[in-house]
Amino acid sequence: MKAVVLISGNGSNLQAIIDNSADIGLLISCVISNKADAFGLKRAQTANIPTLLIEHQNFTSRQAFDDKLAEKIDWHQPDIIILAGFMRILSKIFVEKYAGKIINIHPSLLPQFKGLNTHQRALDAGVETHGATVHFVINKLDSGAIIMQKSIAITATDTAKSLQEKIQKIEHILYPLALKKISKKLS
Ligand code: GRF
């Protein structure tokens with residue numbers, strides 16, 4: 001399965017995917033970032049994966065940025081587009097062009113807590129379990145079909161920070177597993 005990975009930051013999920021790519025049956029053709037200082041770019045370079053920087057502030061509109069992104073992605077002809085901490089909302093045109101091919105990981109048990117600050121919102125809501133979800137991307141925020149979820153229990157001493165650390169750990173297990181599931185289906 002051939003992939004392009006989109007990132008904006010640290011890239012710890014990208015690292016987990018790189019580390020498990022042989023087991024998944026995944027070839028990462030390119031890692032694209034919209035941020036020059038994204039540490040994930042260094043992770044990709046260390047793994048000898050081609051990288052590309054497309055800075056969104058250099059474009060006059062969201063669509064112009066997405067069009068450039070699509071042009072670069074199409075050059076690689078990927079089976080899948082993996083969002084791994086990519087902090088840009090993608091346009092309807094982009095999402096519909098790649099319908100069923102874009103996946104994302106979100107730090108909550110969707111459909112609970114779509115959007116940002118999921119850990120604090122889970123604490124405020126008093127829920128007993130929390131987790132992460134890998135899902136398809138559609139033109140509605142964090143709402144596409146769920147591919148796989150993994151949950152943890154929230155304890156009395158948990159804070160937003162402790163939850164963030166716990167959830168990131170399970171994301172690093174969940175994302176490769178979900179990709180393996182997709183890769184098996186494609187083969
Ligand atoms: C992850 O926690 C993921 O749930 C969210 O963005 C974060 C990215 O972290 N979509 P990293 O860049 O993979 O370390």
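The legends below describe close-up views of a predicted model.

**View 1. The largest pocket and the residues at its centre.** The largest pocket holds about 990 Å³ of space. Its lining is made up of 38 residues. Those that lie nearest the centre of the pocket are Gly 85, Phe 86, Met 87, Asn 104 and Ile 105.

**View 2. Elements and residue classes in the lining of the largest pocket.** Two or more lining residues are given by each of helix 1 (12-19), strand 5 (102-106), helix 6 (118-125), strand 6 (129-136) and helix 7 (160-186). Helix 7 supplies the largest share, four residues. Sorted by class, the lining of the largest pocket contains 19 polar, 15 nonpolar and four charged residues.

**View 3. The buried face of helix 3.** Helix 3 spans residues 39-46, and its buried residues are Gly 40, Leu 41, Arg 43 and Ala 44. When helix 3 is seen down its axis, these buried residues fall within an arc of 160°, and they therefore line one face of the helix. The cover over the buried residues of helix 3 includes strand 1 (2-7), helix 1, strand 2 (27-33) and strand 3 (51-53).

**View 4. The exposed face of helix 3 and the residue beyond its end.** Lys 42 and Thr 46 are exposed, and both are carried on the face of helix 3 turned away from its buried side.

Terms used:
Residues are numbered from 1 along each chain as its sequence is written. This is a predicted model: local features need pLDDT of at least 70, side-chain atom pairs count only at pLDDT 80 or more; totals for chains, interfaces and linings use all residues. Side-chain values use heavy atoms; hydrogens and water are left out. On a 1 Å grid over the protein atoms alone, a cavity is a set of points where a 1.4 Å probe fits but cannot get out, and a pocket is an open set with protein on both sides within 12 Å along at least five of seven lines; lining residues have an atom within 4 Å of a point. Grid points are joined across faces, edges and corners, and a volume is the space filled by probe spheres set on the points. Ala, Val, Leu, Ile, Met, Phe, Trp, Tyr, Cys and Pro count as nonpolar, Asp, Glu, Lys and Arg as charged, and the others, Gly among them, as polar. Buried means under 20% relative accessible area, exposed over 50%, partly exposed in between (1.4 Å probe, protein chains only). The arc is that of the directions from the helix axis to the C-beta atoms. Contact means heavy atoms within 4.5 Å.
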